[in-house]
Amino acid sequence: QVQLVESGGGLVEAGGSLRLSCAASGRTFSPYQMGWFRQAPGQERKFVATIAWSSGITSYADSVKGRFTISRDNAKNTVDLQMNSLKPEDTAVYYCAYRQSLRSVYNYWGQGTQVTVSS
C-alpha cells in the first residue's frame, strides 16, 4: 500500500504562484513515475506533469509548459509542483498519483488539494 497526501493549495490572484507538495509513504513505496493531475468542475481529470522517480525525466501538459515545474526528493519521498504565472483556467483540484511500473497505470492517488485562481 502507498499513501499520498497533498498540501499547499489555496486561493491566489492571477499571475501569482503556489507550490504543491505530495508526501508519500508505505512499505512498498518504489515508484516508476509520479505525477500531478487536475480536475476542474464538470471536467475529466487531466494530466499536468510527471517525473520519473529514478532518472528525474519530466513531462508536462502543453497548457502548463514554461509555468509549472515538477520536482522530487528521493530521500524524503516527496513530489512538488511549483506553479507560476497562474491563470484562472488553472483552477481545479490537484491530485498526486503513483505509478508502480512502466506497464502499470497510476494506481494510487491522493485526496486532492484545491487551487483557485481569481481573475
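Student: Which residue in β8 stands opposite Leu-20?

Tutor: This is a predicted model. Six bridges join β3 to strand β8, residues 78–83, and the two run antiparallel. In that pairing, the residue in β8 opposite Leu-20 is Leu-81.

Student: What is the strand order of the open sheet of four strands?

Tutor: Start at the edges, where each strand pairs on one side only: β1 (3–7) and β7 (68–73). Six bridges join β7 to β8, and six join β3 to β8. The pairing is antiparallel, and the order is β1-β3-β8-β7.

Student: How many residues lie between β7 and β8 in their hairpin?

Tutor: The two strands run antiparallel. Arg-72 has Val-79 in β8 as its bridge partner. Asn-77 sits in the turn, with a positive phi of about 55 degrees. The number of residues between the strands is four.

Student: Which residues touch the most other members of the largest nonpolar core?

Tutor: That core has 30 residues. The residues touching the most other members are Met-34, Trp-36, Leu-81, Met-83 and Tyr-94.

Student: Is the disulfide of Cys-22 and Cys-96 left-handed or right-handed?

Tutor: The structure holds one disulfide. Its S to S distance is 2.1 Å. The pair links Cys-22 in strand β3 (residues 18–25) to Cys-96 in strand β9 (residues 92–99), 74 residues apart. The torsion about the S-S bond is about -75 degrees, so the disulfide is left-handed.

Student: Are those two cysteines, Cys-22 and Cys-96, buried or exposed?

Tutor: Burial here takes a relative accessible area under 20%. On that scale, Cys-22 and Cys-96 are both buried.

Student: Arg-19 forms a salt bridge with Asp-80; is Asp-80 buried or exposed?

Tutor: The closest N and O atoms of the pair are 3.2 Å apart. Arg-19 lies in strand β3 and Asp-80 in strand β8, 61 residues apart. Arg-19 is partly exposed, at 41% relative accessible area. Asp-80 has 16%, so it counts as buried.

Student: Where is Asp-90, and what is its relative accessibility?

Tutor: Asp-90 is in the loop between β8 and β9, while Arg-38 is in strand β4, 52 residues away. Arg-67 is in the loop between β6 (58–60) and β7, 23 residues from Asp-90. Arg-38 counts as buried at 13%, and Arg-67 is buried too. Asp-90 counts as buried because its relative accessibility is 0%.

Student: How far apart in space are Gly-10 and Thr-69?

Tutor: Gly-10 is in strand β2, residues 10–13. At 24% relative accessibility, Gly-10 counts as partly exposed. Gly-10 touches Leu-18, Gln-114, Val-115 and Thr-116, leaving out residues up to four places away in sequence. Gly-10 and Thr-69 are 59 residues apart in sequence, and their C-alpha to C-alpha distance is 18 Å.

Conventions
Residues numbered from 1 in each chain as written. Predicted model: local features only at pLDDT ≥ 70, side-chain atom pairs only at ≥ 80, totals over all residues. Heavy atoms only, no water. Disulfide = S-S within 2.5 Å. Buried < 20%, exposed > 50% of the residue type's maximum accessible area, 1.4 Å probe, protein only. Pairing = 2+ DSSP bridges. Core = buried A, V, L, I, M, F, W, Y, C linked by side-chain atoms within 4.5 Å. Contact = heavy atoms within 4.5 Å. Salt bridge = Lys/Arg side-chain N within 4 Å of Asp/Glu carboxyl O.
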